[in-house]
Amino acid sequence: MKHLCFISLFTLCLSASAEYRVYQYQVKSKMERYSKQGNYLVTSTLDPVSYLSYHGGSDSIRIDLLRSWTCKGYTGNSSALCKAPLENIDPFKEEVALQGQ
């Protein structure tokens with residue numbers, strides 16, 4: 001019975017897959033010195049509250065959440081984040097597929 005529980009647990013661990021959420025923000029500095037640089041895009045795994053507090057709070061930056069998506073895999077070892085689902089679409093292939101219908 002003990003071996004059966006261990007085998008079941010081991011099988012469950014192998015079948016589990018990691019996921020993470022990616023957020024894309026438009027960031028604007030509220031500090032006079034840096035505000036002239038304008039807005040910039042940031043892609044991060046930090047949720048909006050964590051991102052804002054990690055980068056100085058609402059007194060130093062303003063963030064607008066543009067979109068978010070879920071990725072499969074692992075973010076350790078500085079591995080690259082996955083692309084947004086819409087970035088993986090080839091517009092030419094989609095147009096040809098629609099014309100063929």
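Where is the place of Trp69? Trp69 lies in strand 3. The structure is a predicted model, in which local features need pLDDT of at least 70 and side-chain atom pairs count only at pLDDT 80 or more, while totals for chains, interfaces and linings use all residues. Residues are numbered from 1 along each chain as its sequence is written, and side-chain values use heavy atoms, with hydrogens and water left out.

**Overall make-up**

- The chain holds 4 helices and 3 strands; these are DSSP runs numbered from the N terminus, with helices being H or I of at least four residues and strands being E of at least two.
- Read from the N terminus, the elements follow the order α-β-α-β-α-β-α.
- Of the 101 residues in the chain, 18% are buried; buried stands for under 20% relative accessible area, exposed for over 50%, and partly exposed for values in between, with a 1.4 Å probe and protein chains only.
- Contact is defined as heavy atoms within 4.5 Å. Among contacts between residues at least 6 apart in sequence, 58% join residues at least 24 apart.

- An open sheet is formed by 3 strands in the order 2-1-3, with antiparallel pairing; two strands pair if DSSP finds at least two bridges between them.
- Strand 2 (40–44) and strand 3 stand at the edges with a single partner strand each, so one side of each has no neighbour in the sheet.
- On average, neighbouring strands of this sheet are turned by 20 degrees against each other, direction ignored; axes are lines fitted to C-alpha atoms, for helices over the stretch in contact, and angles run from 0 to 180 degrees between N-to-C directions.
- The antiparallel pairing of strand 1 with strand 2 runs over 5 bridges. In strand 2, Gln26 has Leu41 as its bridge partner, and Tyr25 has Val42.
- The antiparallel pairing of strand 1 with strand 3 runs over 11 bridges. Tyr20 stands opposite Cys71 in strand 3.

**Nonpolar cores**

- A nonpolar core is a set of buried Ala, Val, Leu, Ile, Met, Phe, Trp, Tyr and Cys residues joined through side-chain atoms within 4.5 Å.
- The largest nonpolar core consists of 7 residues, namely Tyr23, Tyr25, Val27, Val42, Tyr51, Ile61 and Ile63. Strand 1 and strand 3 are the elements that give two or more residues to this core, and the largest share, 3 residues, comes from strand 1.
- A second, separate core has 5 residues, among them Tyr20, Val22, Trp69 and Cys71.
- Not counting residues up to four places away in sequence, Tyr51 touches Tyr25, Val27, Val42, Ser44, Leu46, Ile61 and Ile63.

**Surroundings of Trp69**

- Trp69 counts as buried because its relative accessibility is 7%.
- With neighbours within four places in sequence left aside, the contacts of Trp69 are Tyr20, Arg21, Val22, Gln24, Thr43, Cys82, Lys83, Ala84 and Pro85.
- Trp69 and Gln24 are 45 residues apart along the chain, and their C-alpha atoms are separated by 8.9 Å.

**Aromatic pairs**

- Rings of Phe, Tyr and Trp (its six-membered ring) pair if their centres lie within 6.5 Å; planes under 30 degrees apart count as stacked, over 60 as edge-to-face and the rest as tilted. By this rule there are 2 aromatic pairs.
- The Tyr23 and Tyr25 pair is stacked, because the ring centres are 6.1 Å apart and the planes stand at 10 degrees.
- Ring pairs join Tyr23, Tyr25 and Tyr51 into a cluster.
- Tyr23 is buried at 15% relative accessibility, and Tyr25 is buried at 0%.

**Salt bridges**

- A salt bridge is a side-chain nitrogen of Lys or Arg within 4 Å of a carboxyl oxygen of Asp or Glu. The count under this rule is 2 salt bridges.
- Glu19 forms a salt bridge with Lys72, and the closest N and O atoms are 3.5 Å apart. This pair links distant parts of the chain, with Glu19 in strand 1 (residues 19–29) and Lys72 in strand 3 (residues 61–72), 53 residues apart. Glu19 and Lys72 are both exposed.
- Asp64 forms a salt bridge with Arg62, and here the closest N and O atoms are 3.2 Å apart. Asp64 is partly exposed at 30% relative accessibility, and Arg62 is partly exposed with a relative accessible area of 38%.
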